[in-house]
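Please keep the sequence and the model open side by side as you read.

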Amino acid sequence: MIKGEAGVAFIGSGSAQVETVLSNDMLSQMVETSDEWISTRTGIRQRHLASMNESLTELAAQAAQAAISAANLAPDDIDLIILATSTPDDLFGTACQVQAAIGANRAVAFDLTAACSGFVFGIVTAAQFIRTGTYQNVVVIGADLLSRWVDWQDRTTCVLFGDGAGAVVMQACDRDRLLGFEMHSDGSMNGCLRLAYQPESNALMDGVTSQQGTFKTITMNGREVYRFAVSRVPEVLEKTLFHAGLAADDIDWLILHQANQRILDAVAKRLKLPNDRVVSNMAKHGNTSAASIPIALDEWVRTGNVKPGHKIAISGFGAGLTWGAALLEWGL
């Protein structure tokens with residue numbers, strides 16, 4: 001713990017993915033679709049799917065361990081773990097299982113649920129603990145196994161989603177490298193993208209019943225979600241840049257939630273950013289919800305594209321509906 005206000009640095013990244021791959025051609029054997037139909041409309045070519053023997057805890061722990069190692073820290077150095085997920089192994093929370101799995105015995109751990117905006121909301125939340133001097137080293141993980149909740153006969157949704165995990169380590173420092181952020185929610189649009197609970201009546205005795213149900217599969221109004229994203233995402237990025245006193249041209253990399261290549265293209269066009277500054281890896285991974293931004297960030301860091309001092313704009317958007325953006329500078 002440190003005293004007084006501190007700045008925030010982003011000092012390490014990590015990611016994890018499962019081995020099993022489901023390609024568009026393989027999907028076309030299950031539902032009426034094709035590689036051409038999926039790829040031209042979404043940019044997705046394949047997705048990774050967790051097997052019965054793979055858990056969210058396992059993937060999240062692998063991503064966290066990789067990020068901690070990249071930051072040259074040990075698990076005992078970690079004060080806080082925030083796990084952004086909508087698909088926990090345990091509805092009471094999975095972050096504590098991750099804490100135990102990586103041996104971060106000193107860390108407080110909790111889940112945060114904001115769907116595809118979860119990673120952005122997670123780093124903003126972590127920054128508040130660091131800035132107030134409460135914690136010094138924080139791991140923020142975005143991890144989801146959306147394949148658990150997909151209707152594999154619904155071609156409007158089953159072609160989109162995949163599984164994975166990504167993480168970053170944030171650390172207190174003298175200079176603040178979280179340059180700006182914005183977060184928003186609109187519950188009136190919840191019905192456009194949801195994974196709803198389906199209650200069933202359970203009779204306990206005469207006149208007394210309880211609910212004992214499960215969750216249904218993912219439903220989505222793709223047209224409305226697309227319209228929402230291409231409108232709100234550029235707006236929230238522009239506000240974030242304004243508050244940071246920067247312009248779009250100051251961005252070295254734009255990393256959006258990897259939902260649809262058309263959304264990435266529309267946002268880049270609105271911001272007048274060249275395509276070579278827009279990170280896209282959805283062809284390999286599909287939409288991994290809260291994991292998509294940290295997976296993409298880690299890939300670009302590990303290939304040497306992201307360098308210390310680079311300014312990175314990130315934006316998540318999705319169920320809730322929620323959306324947000326953050327502008328960060330990589331490294332100490």
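## Ground rules

Buried here means under 20% relative accessible area, with exposed over 50% and partly exposed in between (1.4 Å probe, protein chains only). Helices (H or I, at least four residues) and strands (E, at least two) are DSSP runs numbered from the N terminus.

This is a predicted model, in which local features need pLDDT of at least 70 and side-chain atom pairs count only at pLDDT 80 or more, while totals for chains, interfaces and linings use all residues. Residues are numbered from 1 along each chain as its sequence is written, and side-chain values use heavy atoms, leaving out hydrogens and water.

## Helix H4

Which residues of helix H4 (residues 95-102) are buried? They are Ala-95, Val-98, Gln-99 and Ile-102. Because these span an arc of only 105° around the axis, they sit on the same side of H4; the arc is taken from the directions from the helix axis to the C-beta atoms.

Their cover includes helix H3 (56-70) and strands E4 (80-84), E5 (108-112) and E6 (137-145). Just after H4, Gly-103 adopts a positive phi of about 75°.

## The nonpolar cores

A nonpolar core is a set of buried Ala, Val, Leu, Ile, Met, Phe, Trp, Tyr and Cys residues joined through side-chain atoms within 4.5 Å. The largest has 44 residues, and Leu-237, Leu-254, Leu-256, Val-267 and Phe-317 have the most contacts inside it. Helix H7 (222-244) is one of the elements that each supply at least two residues, and the largest share, seven residues, comes from H7. Domain 1 (7-177) and domain 2 (179-188 + 219-330) both contribute, so this core lies between them; the bounds come from an automatic or database domain assignment.

Leaving aside neighbours within four places in sequence, Leu-237 has contacts (heavy atoms within 4.5 Å) that include Leu-271, Ala-313 and Ala-325. A second, separate core of 36 residues includes Phe-10, Ile-130, Ala-172 and Val-306.
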